[in-house]
Amino acid sequence: MDFLLLMKAAVIGLSIAAPVGPIGLLCMQRTLTSGAKVGFASGLGAASADAVYGAIGAFGLAAVTQAFTSLSAPLALFGGLFLIWLGQGLLRAKTPDSTASTSKKAAGIFRAFFSTLALTLASPMTILSFVAVFSALGGSISLTSSSAGTMVTGVFLGSAAWWLMLAIGVTMVRHKISPEWMLKVSQIAGVLLIIFGGWQLISLI
């Protein structure tokens, strides 16, 4: 039963992660310009945020859910401005440097993880999706702390599996793209992120 529940939750995590949006765009762009490790780290940041929201939904933390949803406007404002800031950074990007030091690459991995973690956490309405899905999923079982933990683990694994597949897929074609085209891809991604961020800000009006 626990394995079946884990698989169901993993499918939920994968289905939430799969739609292409700002996070997917960042993951692909970072994989192209900085490699699979940075791209996958970006995805893991989003997967970790999904697990946080999944935990809130699975454990029925109504007070936390209400607090996050009440802050939906300022969090959406932060997310929109953050996307625009990231987009502007990509527009100013230079040709990728394959000779970057190990310390710089490590710093890039951490920045990639925490930036997507923050972006995903800035979407508090995601909690409502998890609450609704987990309520339906938990309706057929006796929901305990153990089963709730299994659901959260499944969400993380499903989401992480998607980001790993995406990073591997982009890496497979990375060697066919010249540094000049990688720069163009970064600039296009920057424009799209600014559009995403602007749309999110407009939606607040």
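How far should the 20 residues of helix α5 span at 1.5 Å a residue? Helix α5 (residues 72-91) should span 28 Å, and its end C-alpha atoms are 28 Å apart, which agrees. Here the expected span is 1.5 Å times one less than the number of residues. Welcome to this predicted model, where local features need pLDDT of at least 70, side-chain atom pairs count only at pLDDT 80 or more, and totals for chains, interfaces and linings use all residues. Residues are numbered from 1 along each chain as its sequence is written, and side-chain values use heavy atoms, leaving out hydrogens and water.

**The whole protein**
- You will find nine helices and zero strands, taking helices as DSSP runs of H or I with at least four residues and strands as runs of E with at least two, numbered from the N terminus.
- Of the 205 residues, 40% count as buried (under 20% relative accessible area, with a 1.4 Å probe and protein chains only).

**Inside helix α5**
- Buried residues of α5 include F82, L83, I84 and L86.
- The glycines G79, G80 and G87 are buried in α5 as well.

**Where α2 meets α3**
- Helix α2 (residues 22-34) packs against helix α3 (residues 36-58) at an angle of about 160 degrees, with axes 6 Å apart; the axes are lines fitted to C-alpha atoms over the stretch in contact, and angles run from 0 to 180 degrees between N-to-C directions.
- That makes α2 roughly antiparallel to α3 (an angle over 145 degrees).
- From α2, I23, C27, R30, T31 and S34 meet A36, V38, G39, S42 and A46 of α3, where contact means heavy atoms within 4.5 Å.

Key:
Angles under 35 degrees count as roughly parallel, over 145 as roughly antiparallel, 65 to 115 as roughly perpendicular and the rest as oblique. Buried means under 20% relative accessible area, exposed over 50%, partly exposed in between (1.4 Å probe, protein chains only).
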